[in-house]
Amino acid sequence: MSKSNPPLVPTTLCEILQPYPELITRLQETLDQFAESKPRLQPFDEAVWALKNRLGVFLAESADELDAATTSGDFRVIKQAKDKKATIGRALLCFDRDLDDLWSYFEENKRAYE
């Protein structure tokens with residue numbers, strides 16, 4: 001099996017999550033698994049599901065962070081946690097509006113998944 005460049009995190013997600021580069025890195029790690037050339041029935045759909053699942057994990061983590069911040073009583077930390085959770089929620093709602101580059105990646109590399 002050969003290895004190619006992985007698909008990139010969709011631009012919309014990068015723009016929304018810009019304040020949290022560590023989340024963009026984790027999303028890219030999710031897509032890195034698609035650099036491996038191996039049979040997949042629906043590679044594009046699998047990548048979309050993987051991104052959605054990872055965003056769901058981020059949302060759960062941010063809810064935990066907000067709970068911890070609320071317990072601390074530090075208003076600055078609470079605001080940061082609320083902002084992060086809202087940003088991740090927006091990313092989850094908006095990410096599938098800009099998947100043309102992701103689709104193109106899988107179309108151009110479809111032989112790698114046969």
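The chain has 5 helices and 0 strands. The model is predicted. From the N terminus on, its elements follow the order α-α-α-α-α.

**View 1. Overall dimensions and burial of the chain.** Taken along the principal axes, the box filled by the C-alpha atoms of the chain is roughly 55 × 25 × 20 Å. The chain comprises 114 residues, of which 38% count as buried. Among contacts between residues at least 6 apart in sequence, 70% join residues at least 24 apart.

**View 2. The buried and exposed faces of helix H5.** Helix H5 spans residues 100–108, and Leu102, Tyr105 and Phe106 are buried in this helix. These residues lie on the same side of H5, because they cover an arc of only 90° around the axis. Asp100, Asp101 and Glu108 are exposed and sit on the face of H5 turned away from its buried side. The cover over the buried residues of H5 includes helix H2 (21–32) and helix H3 (43–72).

**View 3. The contact of H3 with H5.** The axes of H3 and H5 are 9 Å apart, and the two helices pack at an angle of about 140°. H3 and H5 are therefore oblique to each other. The crossing in which H3 passes H5 is right-handed. From H3, the residues Pro43, Phe44, Ala47, Val48 and Leu51 meet Leu102, Trp103 and Phe106 of H5. By class, this contact of H3 with H5 has 8 nonpolar residues, with no polar and no charged ones. Two of the H5 residues in this contact, Leu102 and Phe106, also belong to the buried set of H5.

**View 4. The contact of H2 with H3.** H2 and H3 pack at an angle of about 145°, and their axes are 9 Å apart. H2 passes H3 in a crossing that is right-handed. On the H2 side, Leu23, Arg26, Leu27, Thr30 and Leu31 take part; they meet Ala47, Ala50, Leu51, Arg54, Leu55, Val57, Phe58 and Glu61 in H3. The residues of the contact of H2 with H3 comprise 9 nonpolar, 1 polar and 3 charged. Ala47 and Leu51 of H3, which take part here, also meet residues of H5.

**View 5. The contact of H3 with H4.** The axes of H3 and H4 come within 9 Å of each other and cross at roughly 165°. This angle makes H3 roughly antiparallel to H4. The crossing of the two helices is left-handed. H3 contributes Lys52, Leu55, Gly56, Phe58, Leu59, Ser62, Ala63, Glu65, Leu66, Ala69 and Thr70, which meet Val77, Ile78, Ala81, Lys82, Lys84, Lys85, Ile88, Gly89, Ala91 and Leu92 in H4. By class, the contact of H3 with H4 divides into 12 nonpolar, 4 polar and 5 charged residues. Leu55 and Phe58 of H3 take part in this contact and also meet residues of H2.

View 6. Thr87 is found in helix H4, which covers residues 75–94. With a relative accessible area of 12%, Thr87 is buried, the cut-off for this class being under 20%. Not counting residues up to four places away in sequence, Thr87 touches Ile16, Leu17 and Tyr20. Ala86 also lies in helix H4. In contrast to Thr87, which is buried, Ala86 is exposed, with a relative accessible area of 52%. Ala86 and Val9 are 77 residues apart along the chain, and 20 Å separates their C-alpha atoms.

**View 7. Pro6 and its surroundings.** Pro6 lies in the segment before helix H1 (11–16). Its relative accessible area is 23%, and Pro6 is therefore partly exposed. Leaving aside neighbours within four places in sequence, Pro6 is in contact with Gln28, Leu31, Asp32, Ala35 and Tyr105. Of these partners, Leu31 of H2 also takes part in the contact with H3, and Tyr105 is one of the buried residues of H5. Pro6 and Thr30 are 24 residues apart in sequence, and their C-alpha atoms are 9.7 Å apart in space. Thr30 is one of the H2 residues that meet H3.

Notes: Residues numbered from 1 in each chain as written. Predicted model: local features only at pLDDT ≥ 70, side-chain atom pairs only at ≥ 80, totals over all residues. Heavy atoms only, no water. Buried < 20%, exposed > 50% of the residue type's maximum accessible area, 1.4 Å probe, protein only. Helix = DSSP H or I, 4+ residues; strand = E, 2+ residues; numbered from the N terminus. Arc of directions from axis to C-beta. Contact = heavy atoms within 4.5 Å. Axes fitted to C-alpha atoms, helices over the stretch in contact; angles between N-to-C directions. Parallel < 35°, antiparallel > 145°, perpendicular 65-115°, else oblique. Left-handed = near helix turned anticlockwise from the far one by under 90°. Nonpolar A, V, L, I, M, F, W, Y, C, P; charged D, E, K, R; others polar.
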